[in-house]
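I opened the model today to look up a few local features. My notes are below.

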Amino acid sequence: MKSLTLLALTALTALSSALAAPTLVVYSAQGYDQDVVDAFQKATGIETKLVDLSTGPLVAKVEAEKQNPQWGLVWFDGAEAMRSLADQGLLLKGWTPQVNWNAMGKALLPTDKSYIPVSATFAGVLVVNTKVVPADKAPRSWRDLLKPEYKGLVGMNNPSISGPTYPLVAGVLQAQGGEAGGKKYFEQLKANGLHVFDTNGVTLKALYSGAIGIAIVQSSAGIGAVLKKEPVQLAYPEPVSLLPGSIGINAKASPEVVAAAKKFVEFVLSPEGQKVMLSGDTGGDSNYYPLLEGLKPSAAVTPLIGIKYQSVDPTVWGSREGEINTWFTNTIVR
Amino acid sequence: MARASTLHRRPAPMGAGRLLARVALGSTGLAAILLLLVYPLVSFLLLAVFPGLFGQSGQGFSLAAFAQALDGYALQSVLNSLAIGLSSGALAVGLGLYVSWLTQRTTLSVRRLVDGAVWLLLLTPSYLLAIGWLVLTQHGGLLNQAGLHWGWLEAAFSGPIGVALVLAVKHIPFAYLAIAPSWNTIGGELEEAAQVHGIRGGQATLLLAKLLLPAIAAAFAVVFAEALSDFGVAATLGASSNVPLLTYSIYRALYANPLNFPLAAASSWILLALAGIAVWAQARVNRRAAAYAVLSGRGRLARRVVLGGYGKAVAWFSLGLLGLVALAIPALATVFMSFTKVLGDGLNWANLGLDNYQTVLRQGDLLGPLTYSGMLAGLAATTALVLALVLASVLSSGSRLARGLDVVLLGTLALPGLVLAAGYIFAYNQPFLPLYGTSLLLGMAYAAGAMPSSSRILLGPLTQLHHSLGEAARVHGVSGLGVLRRITLPLLAQPLLYAWLLAASGIVFELPASELLYPPGQPPLAVALLKSVHNFDFGLSTALEVVAVAIVVGTVWLIRAVVTRLLPPNWQRRLNEQHSH
């Protein structure tokens, strides 16, 4: 009985706080999000509350709330899922902050301005366990991975489970001249003993234990492995695909919340906000390429000089995601 | 005459009171089930055929999701789940039968040891078991690094056999707890009677098996449902060895882009249908078993088998092996990993150290989530237990309502927590019920998740608490409150304590509802733990898990010790003990 009373009291407090002045609710999957939220709150005085989850549950929450959205802005890596939210009319269109974008930033800005890119990593780089594949024998290109010397040594994630992997697959398809050529490339990879694991975590574990020698994973995860002093080195096969971290604003939010969300985006893209992002998660997400003129990535990040990258157009590849992932699961995984 | 008439009249108000109490009890149980389980689950499950509900993009009525759920990867996961549920159910029941025979029917003094191990195993999340075995047996794992290349073991654990084995081992406690009390209901007289009638050897074993059949069926149904609903093993061992299971394909449909709520709902229906098979089979067995019904209550103790030297050796060896497989090996592998500095540097002394634990100690921001989760777990477990007690007493009545309730409870046991959590969003993110995003709703989801298994655990002790005991006491002039204080509570105190501890410790680590329902800015422990190992730092994540499990097991042990000391001696009764002892 006592517990029921307590539970009811908790409910009442929760309800009354829910009815108070609008606060900005941030749904985010970024490693540095808590630091950014704290700094933003301190700088602006706007009460900001965070829901931090990995991309899968985060997007599921947003979609399940469609009828009655509870979030002010949503922030994660991967343009395709953001595109899908935009196409469902969930994101505020037509606004971008006035900032000095660099070339990478300009390449990532969506034409309908339905979300704002604020960082970039690479969707798939090669992380090589040098105990299995000696550094001087490491692969350099996508074609290299088909060589017999790497048979059974290459691993990657399943795009239909791991969020950042679809941009990698789409990027490889694009780089191999389109869907047909790209699918053939993956079939050749499979014939060369490609291992497909569900997520980054499993793939990296297999890499560290030596079960595989080469993992194709997101660049920030690879840099994290280097920083943890795992015996690995990175290679950037030509071309690698950009994976933008973006923010979308709730189209249905009240004007007050929209104004607060815009301020949040402006803060994130300010020198102060970028400083927090670059230092908030040094072992992981902080290892990104800034999209603003004059800003440098953290010291651990490989300089862009010599890396050939491409951007993967979400308006082209986004709508094909379901079909390509199903093909991948049924043809490459099994 | 006058006295007789008062005596005759006395039961009437008692009966009315009792009727009122029963109606009140029944309607409380019903309301709880409806609000906490049925409404959110049905909200979610309807999406399978009405994909446009709750503002989703589908339209009208459609069976397309079922076609998807019975095709390709999804179909493979249905077949795998069925095969693995059946085999792990059979294995767990076989082992539970054997271990309970050892503790209940032989002179082997392992009762305390086995009970301790059973509770430890119940408290251990299934993914920890799976990860322990994975760390050990995978290619390049600990065994390989120690120079042992046992291809057969690696092959077994990177396929369906490993998945079934881990699921079976994890669920032995359910089988054990369901079967152990039944050994006692088959009292000594029965054996003597059988002997008098010249029934011996194979025939006697057959009779025994028939008498045990209801318990075996109940155990199998629970293990089958639990194995079907398990997500920890499916997401670790199953996923890394390409053995897709139904819960994992539901997870994929919900969490992978493009997400597909109708497919997840259709797969959930299939999961429910599979669990339904188990419920149906159990009901059939029970109907047949009615012919063999024996009333216990005052049965004499059966004679215990005196094990010889050889028998003892076999028993100890098999128990040791079981303990090794179920607890020691996964625990050692996990602890070992938590001491490893750099995973890629493998097995050597220089690579072991306390580094990960030092990092854990620096994670001061986990204290808030731990307190929040601990508080919520306490409240939710208490609520779950009160409701479970109500449900269990309805269940033990054997009425039609009870049978319906049994189906609902076993069904929810079979659905992964993820489905219930997603259902809570659809059901309670409504203008007329704006509870989504509050601690209250998270607590409700926790209580709802714990309720089905708690009521199953309490069902055994409650069934044994024959109502004739209460009636006898009242005839002897004990008041209603007195019955509660002197009979019901003493007999139920220990099972209630254990069920509460189990529910609370499960809730502290609960992930899917925590993720989908937590109030913004107020992360529960499971969410905070995930966040602090954001960057695939496996050594750190296992260290965190070891610390968290140690804290919870320590707290459980402490609460148990304190409560046991406070309880009067005659209230202290172990969960699987008969009151006829």
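I am working from a predicted model: local features need pLDDT of at least 70, side-chain atom pairs count only at pLDDT 80 or more, and totals for chains, interfaces and linings use all residues. Residues are numbered from 1 along each chain as its sequence is written, and chains are lettered from A and ligands numbered from 1 in the order in which they are written.

**Chain contact.** I found 64 residues of chain A in contact with 50 residues of chain B (C-beta atoms, placed from the backbone, within 7 Å). H1(A), residues 2-19, is a helix (a DSSP run of H or I, at least four residues; strands are E, at least two; both numbered from the N terminus). H1(A) gives the largest share of chain A's side, 9 residues.

**Helix pair.** I looked up H6 (126-137) and H12 (232-240) of chain B, which pack at about 20° with axes 7 Å apart (axes are fitted to C-alpha atoms over the stretch in contact; angles run from 0 to 180 degrees between N-to-C directions). H6(B) and H12(B) are therefore roughly parallel (under 35 degrees). Among the residues that meet are B:Trp133 in H6(B) and B:Leu237 in H12(B).

**Backbone.** I noted a cis peptide bond between A:Glu238 and A:Pro239, with omega about -10°. A:Pro239 sits in the loop between strands E9 (232-235) and E10 (240-249) of chain A.

I checked B:Phe54 next: its phi is near 55°, positive in a residue other than glycine. B:Phe54 has 22 C-beta neighbours inside 10 Å, so it counts as buried (20 or more other C-beta atoms within 10 Å, placed from the backbone).

How values were computed
Parallel < 35°, antiparallel > 145°, perpendicular 65-115°, else oblique. Contact = placed C-beta atoms within 7 Å. Buried ≥ 20, exposed ≤ 12 C-beta atoms within 10 Å, placed from the backbone.
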